Amino acid sequence: MKLTADAIVIGGGLVASAVAYGLTRLGLKPVMLDEGDVAYRASRGNFALVWTQSKGPGVPEYQQWSRLSSDKWSELAAELQSETGVDCGHRRNGGIHVCLSEDELAKRTQVVEQLRAEAPPGRYRAQMISRAEMLKLLPAFGPDVVGGAYCPDDGTVNPLFSLRALQRAFSARGGRYFCDSRVSSIAAAPRAFTVETASRSISAPRLVLAAGLGNKPLGEQVGLNVPVRPVRGQIIVTERLKPVLEYPTTYIRQTVEGGILIGESREEAGFDDTLNHTVSQTLAARAIRTFPFLKQVGVVRTWAGLRVMSPDVYPIYEQSSAYPGAFVCTCHSGVTLGAAHAFEYAKAVVDGHLPEKLGRFSSRRFDVQARH
Amino acid sequence: MASILGIFCAANFGLRTLLTMDTFELAIVGAGPAGLAAGVTAAALGLRTVLVDEQPAPGGQIYRGIEAASRHPDSARVFGEDYMAGADLVRQFRASAVKYLPLSQVWQIDRDRNLWIRGANGVTAIGARQVLLATGAMERPVPIPGWTLPGVMTCGAAQTLLKSAGLAPSGRIVLAGGGPLLLLIAAQLMRAGNPPAAILQTSTNLRRAIAHLPRFVSSPSYVRKGLGLVAELRRAGVRIERGVGDIRILGETRAEAVEYIRAGTRRREQVDLVLLHHGVVPNTNLALSLRCEHEWNDAQHAFQPRTHAGLGSSVEGVLVAGDCAGIGGAKAAELRGRIAAYNAATNIERISTDARDRQCAPIQRELRPHLRARPFLDAYFEPPRDLLAPVEDDVVVCRCEEVRAGEIRRIVTEQSCPGPNQMKAFVRTGMGPCQGRLCGLTVVELMAQTRGVSPGEIGYYRIRPPIKPIALGELATRAQEK
Amino acid sequence: MFKRVIEFEGPVLGVVINGRECSVPASFTAAAAMLASEDGATRETPISGAPRAPYCMMGVCFECLLEIDGVPNQQGCLVPVAAGMRINRQRGARTV
């Protein structure tokens with residue numbers, strides 16, 4: 001079947017859905033091409049923080065980009081709620097980073113101070129807090145907690161409901177979503193792309209690669225260097241509890257439904273997304289040190305997801321110079337950056353050029369490193 | 001960035017945990033007929049074998065409580081000869097060299113084939129060269145209006161209470177659904193002293209079944225048993241309503257009445273207890289958590305692990321036998337358990353393939369008549385479409401997360417959804433403690449019917465460990481701490 | 001309500017069901033003991049508070065979740081009774 005569209009977005013996760021929804025907000029009628037039900041889906045395996053307090057020491061552009069998105073998440077959530085009736089579960093009541101040793105505390109203090117120094121005055125609002133202050137926020141902290149950091153700008157969403165809402169709103173605004181549509185090839189010319197799947201051939205003047213780990217091979221077909229690799233993370237979720245953790249922490253939080261999410265590990269394991277039991281044990285043990293009450297709480301599920309990681313961990317935003325109109329949008333913080341992608345990145349795609357503030361995230365930075 | 005993501009875990013220090021672990025040549029999960037027969041056979045071949053089961057005594061669900069029951073004079077009369085036949089198998093098992101771990105739940109089998117077990121002494125782990133999954137069957141969910149109310153159970157639940165505890169329901173009982181077990185359980189309740197007020201049988205599908213009739217009647221024991229049960233129930237005055245549709249259970253805080261349509265007329269029965277049943281399906285969560293490939297069995301309307309002739313699954317070192325590999329009944333399960341044991345012995349080069357084939361040939365011959373009746377039963381008692389996928393929007397499909405049929409259908413029609421895993425993400429079906437056991441097939445059928453494709457094309461949930469509940473403190477337990 | 005109609009041999013022991021002392025055979029599970037002494041709901045769901053009671057009795061449905069010896073969300077149909085065991089109905093989500 002042959003189709004034409006205003007834009008083609010390859011991917012079906014939070015990054016793709018946010019950009020695709022953003023395109024529909026600007027009046028485009030794009031097509032979104034998703035894989036099947038059991039693709040590697042970082043959107044279904046993440047920790048759901050909308051987080052700024054630790055983002056980008058040494059890279060102020062990243063700190064600012066993360067904060068911009070965090071600031072705009074309320075607007076995105078409200079808009080999606082009114083368009084779809086789905087509550088994205090966005091809460092922005094502050095977040096805590098927990099330190100379990102003096103060493104961790106010293107390292108974290110350094111990160112917080114550096115980030116504050118690199119931010120415009122008054123914009124970075126995280127601060128180190130004592131154990132006593134931690135206990136005032138969450139009395140459930142265990143004796144091993146020595147202190148930590150607190151940032152009033154941090155929060156969480158329900159990433160699954162956010163994905164559902166973005167896709168629903170995208171369809172409602174005239175976007176067309178196709179699942180089971182793995183891309184087999186891309187024929188590229190400047191501002192003219194034809195994407196082939198098993199059952200369709202779709203042409204459009206704009207192309208956005210937002211397929212996570214799939215961006216690497218896809219990018220090669222349109223002159224984009226996207227050196228991403230999988231980094232495995234594991235998450236544990238418990239049975240539902242009555243509200244006990246009012247604030248999220250970096251590795252442990254209570255969902256709106258009541259379950260406790262425990263993450264996240266970091267492991268180089270290629271495309272293997274099976275569980276490493278030793279990692280589960282480590283995560284569980286550290287969670288119990290943080291909140292001793294968790295020892296008795298029942299585990300419902302554990303799972304592993306593959307993060308989409310670039311060599312320097314920062315996003316890759318680029319327009320192909322060989323084939324203008326082809327963009328790539330990839331990062332490992334698709335939740336935090338969701339609002340920035342929906343509002344800002346989509347606009348850049350429509351404008352036909354990326355704004356200067358995203359220049360730091362060009363994939364050309366990896367070429368420079370390669371020449372050294 | 002490492003400091004942001006925090007915990008960095010070395011991939012290979014799990015090896016250390018293996019050193020203190022007991023390792024077996026064959027580990028069997030499940031003490032029903034398949035597991036027991038496999039254990040007896042494997043031990044006779046000299047395999048160092050362990051059998052892990054969550055119940056306090058061997059027998060599985062079909063021979064539940066058989067040891068205690070076989071010592072009671074009423075058992076044979078109430079339960080019948082097929083049940084009592086299990087006593088002999090259990091005796092052989094008890095006399096074998098198999099290490100038996102009762103009251104032990106396997107909550108994870110990791111990728112190194114270590115079985116993680118929660119038992120009376122907390123969490124332990126054992127290693128295995130070959131693993132046999134013999135996790136049996138469970139009753140197919142029967143999602144109808146009111147099925148979540150107290151005062152509604154499965155027929156199997158009532159039978160389990162009778163076999164294991166000698167408990168029978170008092171008051172006015174109605175059985176509803178289909179399948180051969182429905183009549184058997186009605187008869188057992190009657191013999192135990194409280195005959196059901198009525199049996200509501202859904203329409204049978206003779207048209208689909210007719211082609212299999214000749215092979216079915218050549219298995220005379222099935223025909224004789226079925227007719228015998230009907231006669232026995234009728235003699236006792238039990239009303240059997242045939243061709244019943246649109247069954248719904250009414251009540252606020254418990255079941256008070258059941259309504260149905262028969263011959264175009266809506267009828268109502270007052271009830272104290274409704275027992276639902278519509279056949280059994282493979283209990284596959286452990287196999288799924290191991291990522292064994294599964295295939296759709298269109299005759300049985302269920303997924304089952306893909307197995308080859310040696311009963312091996314798609315995962316190396318993991319075999320599957322008994323009803324969890326496709327429904328065949330107790331006797332077939334026992335025979336397939338024996339075949340699996342020979343194959344496990346061959347896989348670790350304990351016996352030659354020639355010896356295995358010699359030993360298995362007569363078992364295969366014995367197996368054939370037991371499988372011969374199955375296609376007719378599967379077709380004749382095929383669940384009606386509206387039981388596989390509720391028509392009414394407010395029927396609860398996912399009991400744990402309280403997700404209703406309409407919500408699932410709406411996702412499929414309004415925004416498209418690649419499959420049950422994305423559905424799980426969107427509406428939380430299968431995210432509760434039962435991990436999809438009670439909603440998985442219904443969600444798949446709903447998606448399939450709404451899209452007009454086969455359930456096999458829809459696929460199934462990915463199942464994650466722990467597949468049995470454990471506390472976080474137990475997950476944190478390392479093997480060497482046992 | 002369930003009544004004992006076949007008396008399999010074996011010891012009897014004392015348990016406390018919803019605060020009431022009862023004697024039950026040692027072969028009972030906690031869920032069987034509950035069904036033999038109480039009618040109606042044995043728990044309320046953590047989401048809507050809907051009444052539920054044991055459904056499958058073989059460990060797959062998780063409807064028989066009970067508070068046993070102070071620990072909530074135990075699968076009552078898989079836990080054999082023990083002398084002095086306290087078995088209670090439960091309401092809603094677990095508190096910690």
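How many salt bridges does the rule find across the interface of chain B and chain C? The legends below take up this question in a predicted model.

**View 1. Chain B meets chain C.** Here 52 residues of chain B are in contact with 40 residues of chain C. Together the two chains bury about 3,800 Å², and carbon and sulfur atoms account for 61% of that area. On the chain B side, look for Leu167(B), Arg399(B) and Glu402(B): this trio supplies 15% of the area that chain B buries against chain C, more than any other three residues.

View 2. The rule finds three salt bridges across the interface of chain B and chain C. In one of them, the side chain of Arg399(B) meets that of Glu63(C), with N to O at 2.6 Å.

**View 3. The elements of chain B that touch chain C.** Several elements each supply at least two residues to this side of chain B, among them α4 (66-69), α5 (75-79), β7 (137-139) and β15 (273-278). The most comes from α8(B), which gives seven residues. Sorted by class, the side of chain B that touches chain C has 27 nonpolar, 13 polar and 12 charged residues.

**View 4. Strands pairing between the chains.** Follow β9(B) to strand β1 of chain C (residues 2-4): three bridges join them, and the strands run antiparallel.

Key:
Residues are numbered from 1 along each chain as its sequence is written. Chains are lettered from A and ligands numbered from 1 in the order in which they are written. This is a predicted model: local features need pLDDT of at least 70, side-chain atom pairs count only at pLDDT 80 or more; totals for chains, interfaces and linings use all residues. Side-chain values use heavy atoms; hydrogens and water are left out. Contact means heavy atoms within 4.5 Å. Buried area is the accessible area (1.4 Å probe) that two parts lose on being put together, summed over both. A salt bridge is a side-chain nitrogen of Lys or Arg within 4 Å of a carboxyl oxygen of Asp or Glu. Helices (H or I, at least four residues) and strands (E, at least two) are DSSP runs, numbered from the N terminus. Ala, Val, Leu, Ile, Met, Phe, Trp, Tyr, Cys and Pro count as nonpolar, Asp, Glu, Lys and Arg as charged, and the others, Gly among them, as polar. Two strands pair if DSSP finds at least two bridges between them.
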